[in-house]
Amino acid sequence: MNSPAPIIADSSALATTRFTVPGMKCAGCIGKIERELPKVPGIVAARANFSAKRVAISHDPAVGEDALIAALLALGFEAQPVADNPLGVDDKERKRLTRALGVAGFGMMNIMLLSVSVWSGADGATRELFHWLSALIALPVIAYAGRPFFASAWMALSHRRTNMDVPISIGVILATGLSLYETITGGGHAYFESAVMLLFFLLAGRVLDAVMRDRTRAGIGALLGRLGKAASVIGPDGSTRRVAAGELEPGMLVLVAAGEALAADGAVEDGGSAIDNAMLTGESAPEPVGPGAVVHAGAINLSAPLRIRLTRVADDTAIAEIARLMDEAGQSRSTYVRIADRASRLYAPVVHSLALLAFAGWMIAGAGWHQSLTIAIAVLIITCPCAMGLAVPAAQVVASGALLRRGLLVKDGSALERLAECDIAVLDKTGTLTLGTPRADIAALGAEARSIALGLAQASRHPLSQGLAATLLRAGAVPAAITDVREISGQGLTGRWQGVNVALERPDGADQALATRLRIGTAAQTITFADPLRADAAATLAALQAEGIAASILSGDRAAPVVAIAQQLGLASVAHASPQAKLAALESLKAQGHRPLMVGDGLNDGPALAAAHASIAPGTASDASQQAADAVFIGEALMPVALAVRVARATMRIVRQNFGFAIAYNLLAVPLALTGLVTPLIAAIAMSVSSLVVVGNSLRLARAARA
Amino acid sequence: MTGLAFLIPIALGMGLLGLTAFLWSIRDGQYDDMDGAANRILIDEEDEPV
């Protein structure tokens, strides 16, 4: 490391405070923070964690949090103090498994060294010495590294259930006990290496599994870390005080400084700025906001202070909802998971009975109790249904993690199964194929007209005003100072600019629904709005076509715009569809034996989303639609829809491969073990490799989503 | 055979050394910031003027 962690001589006298620093984007930022901060009086050392976007500062306790934040701000980084474990994300499990893996690895290598010597012909006193040494190493190693399995097996047994850790634990304990007996009586065979090797490879599988889960959560975790931890609440008298995020209440008015992260959802009351919404939408381009705009916790205010009236706080925020959905995805109960669970549950007693039968059978055949026990242990280890238990969850965890990084949130594993089975797609128009927000055509406006229009439009919550203001801000317009702004519902906005009457008003002629007229003095200009197609709509439909899924439009909108878009995209279309008609259309598709995929956002799509075989809603959809849908995609691209189908199909392919492999492995291995052809060592290797093959096969899905 | 008296303790000692190093590296948090480690190599040291 170029900048080693400074050694603190007297750490007891120092306080350590952690800050989240979202602005840390490159190596230069790390260097700057770690080099410059200690030059501030009272700060002893600073250490940046780039992955977590956090900085830990060791400082004199006399230096307060505010001073540290000011010091970071002086370097150009907005910072928020965080609690020690702000996300509640626990990587202890992974660390514990990794430590156990290290210990098992050490034991395995040393015992193997001794075992190889025994196998190559060491005998007599040497063999006994080696066996004793192996026992000496193996017992503590097994006690330590086997704990995750023993604990889980004990949990299952004490609830009178059995899981896949039970046969593993019994196998390991039996093998150890038998080897110990052999060692004490000076016998020729000890199986310490088998027991330890089994633990090592199983732990390797568990660690991989934990890493996969952590990575799936990491996306959300990193995002949650960017949530504002506190907000400056404006009191009735205009004074501000800091309130922790957990104590905020809806209805509070907060002041969000430039660079600050929002701690709760709300609507802008006052001020115009741009916010970085990357956390929610994955969109990195700043989004202009003005009065009335809805902002979400986790967004970062980029340019100017905003006064925000809070609407949803703490666990109700959009981002907390996403985190919850992710959790649901993790605990999914899909058909395949259920099959796998049932198989594992039924299979575990079979494993024990088989091992017992093998022991009894070989005893009756006169093999002697030692050989019979050895064979029984081999059967126990080799038939453990780990590979079968991992077949589905491993694939689903990798797939939903990969999709999440591409902007698609799959709610549960069964959704992946159903997405994979879809053979026809039905899409809504507004908000799904199109962006759903009106974009103004401002090409005809001069610079002065633009700034006047912006000054007026910012004052209103009307969707057209907001659309116009957003477009103008994006074009770099600066709002003109307009006085006496008045909004007349259904008519428009009026105001005065440099002594001239200005207005944004409804144009004459009722047919032009999506237009407004800008009047400056006596001059008037009409601004039209359009709801543009998502930029990659055509490419997405082509990608769906490539998967063999034909798409059609089913819209509740008027015929003319629906037909125009259908022609542009080359799709069949149905317009004027009521919610009932949409539902009926999907039911008739299902009656024809199709498995329709519904993509829609409006409330009117809700029943259709629920009725479809699988459904996807955009992140801008109504809450009801998001609830009804199997998956939600965020951002302006439609491509996640096609990606979801492709990855879902790849996932099911992998799941079937995993199942096939697990079954084939057992069909092959069990008879071999029963006939006594497999030693406990080979059984340990075979069983562990089968689990690793399943995990490794599932990891290929991460690549499938990337391409 | 007397060689074993030296070689086995040496082998065990080296293994233990590796294990200790591994456990220490976990405790020291060397796996906590993998992205940061990749970036740190790009930080320019402030060279003393020659």
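**Figure 1. Packing of helices α4 and α6 of chain A in a predicted model.** Helix α4 (residues 125–145) of chain A and helix α6 (residues 165–185) of chain A pack at an angle of about 155°, with their axes 10 Å apart; the axes are lines fitted to C-alpha atoms over the stretch in contact, and angles run from 0 to 180 degrees between N-to-C directions. The contact is made by A:H131, A:W132, A:A135, A:A138 and A:I142 of α4(A) and by A:V172, A:T176, A:L180 and A:T183 of α6(A), where contact requires C-beta atoms, placed from the backbone, within 7 Å. These residues divide into six nonpolar, three polar and no charged (Ala, Val, Leu, Ile, Met, Phe, Trp, Tyr, Cys and Pro count as nonpolar, Asp, Glu, Lys and Arg as charged, and the others, Gly among them, as polar). The crossing of α4(A) and α6(A) is left-handed, that is, the near helix is turned anticlockwise from the far one by less than a right angle. Helices (H or I, at least four residues) and strands (E, at least two) are DSSP runs, numbered from the N terminus. Residues are numbered from 1 along each chain as its sequence is written, and chains are lettered from A in the order in which they are written. Local features need pLDDT of at least 70 and side-chain atom pairs count only at pLDDT 80 or more, whereas totals for chains, interfaces and linings use all residues.

**Figure 2. An open sheet of six strands in chain A.** The strand order is β6-β5-β7-β13-β8-β11, with antiparallel pairing; two strands pair if DSSP finds at least two bridges between them. The edge strands, β6 (240–244) and β11 (294–295) of chain A, each pair on one side only. Strands β7 (residues 253–256) and β13 (residues 306–312) of chain A are joined in the antiparallel sense over four bridges. A:L253 stands opposite A:R309 in β13(A).

**Figure 3. The side of chain B that touches chain A.** The contact takes 21 residues from chain B and 23 residues from chain A. On the chain B side, α1 (2–27) and α2 (34–40) are the elements that give two or more residues. α1(B) gives the most, with nine residues. By class, this side of chain B has twelve nonpolar, four polar and five charged residues.

Conventions
Two residues are in contact if their C-beta atoms, placed from the backbone, lie within 7 Å.
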